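Please look through the structure shown here, and then follow the paragraphs that lead from one part to the next.

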Amino acid sequence: MSQHKPSISFEFFPTQTQQGKDKLIETFDSLNELSPSYFSVTYGAGGSTRERTLDIVDNLCRRSDTPIAPHISCIGDSKAQIAELLDRYQAQGINRLVALRGDLPSGQVGMGELPFALDLVKFIREHAGEHFYIEVAAYPEMHPQARSFDFDIQNLVNKFNAGADTAITQFFYNADSYLYLRDALEKHGVDTTAKPLVAGIMPIINATSLMRFADSCGADIPRYIRKQLADFGDDKTSIRQFGFDVVMRLCERLISEGVPALHFYSMNKTQPNRRLVEALGL
């Protein structure tokens, strides 16, 4: 194993209940002991969790000096609404954002004034200059709505050219898909040392929810993983141990290939995120 040590970060989603919020704070305190470079907080379709996101961001900012990076999505929101949010975050001392197109809320017609993440990145730079460090999404296995793989890669290149600092990948279990995307960016003139491609890591905790996530976002679950999870049925202990081994091997391979950072989709859980980070010596 190489001596190179990637940085780590974790993603949370806003919860609906007070009990969920208390649990999230507990998880935050535990994962924060691992010295992550930041935590990100998601934002629902069309800002549907806007108030909950703002509440969690406020809470976490007060608890610790670890940077908090709120997700900000543009689909269905007006420029005025986004500008207001940017001003609020700037006043709060937040200087890191995850800029996404977002999902169209059900029943909504029309994409709004900023229909794509590329438009959002441009707008953030126009409105706030260099204040924010901007992360965007990348798809090692192609965005489910992209016209082609080349089109999707060019879109990511355009986001970097418009001012994005880093891209975080959708989760994946095939390291080669990450390496292919990184090589493709280099061929398109993106210096991935200066503009890193962060690997998004999804621990395997529950087979059903994993399949649901994968189907909704176009991530590929390799056949051997699907088969093994199906064989385990309701045996949660075996699923978790198998999931841990799969993700551990993936992370080891990525680290040996010089991945700059690992971003864990924590699902608001302490384990197995903590177990993975500790086992990897990070």
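**A walk through the model**

Proline 272 has its place in the loop between strand S8 and helix H10 (273–279), where helices (H or I, at least four residues) and strands (E, at least two) are DSSP runs, numbered from the N terminus. This is a predicted model, in which local features need pLDDT of at least 70 and side-chain atom pairs count only at pLDDT 80 or more, while totals for chains, interfaces and linings use all residues. Residues are numbered from 1 along each chain as its sequence is written, and side-chain values use heavy atoms, with hydrogens and water left out.

The peptide bond that leads from glutamine 271 to proline 272 is cis, with omega near 0°. Methionine 267 also lies in the loop between S8 and H10, and its phi is near 55°, a positive value in a residue other than glycine. For background, most residues other than glycine have a negative phi, and most peptide bonds are trans.

Strand S8 belongs to a closed barrel of eight strands, which runs S1-S2-S3-S4-S5-S6-S7-S8 with parallel pairing; two strands pair if DSSP finds at least two bridges between them. Neighbouring strands of this sheet are turned by 30° against each other on average, direction ignored. Strand S7 (residues 197–201) and strand S8 (residues 261–265) run parallel and are joined by three bridges, and alanine 199 has leucine 262 in S8 as its bridge partner.

Helix H4 packs on the sheet, touching strand S3 (68–73), strand S4 (96–100) and strand S5 (133–138), and its direction makes about 145° with that of S4. Here contact means heavy atoms within 4.5 Å, whereas axes are lines fitted to C-alpha atoms, for helices over the stretch in contact, and angles run from 0 to 180 degrees between N-to-C directions. Helix H6 (residues 175–187) packs on the sheet as well, touching S5, strand S6 (166–169) and S7, and its direction makes about 160° with that of S7.

How do two helices lie against each other? Two packed helices are described by the angle between their axes and the distance between the axes. The axes of helix H4 (residues 117–128) and helix H5 (residues 149–161) come within 9 Å and cross at roughly 5°. That makes H4 roughly parallel to H5, a description used for angles under 35 degrees, with those over 145 counting as roughly antiparallel, 65 to 115 as roughly perpendicular and the rest as oblique. Ala117, Leu118 and Val121 in H4 meet Asn155, Asn158 and Lys159 in H5.
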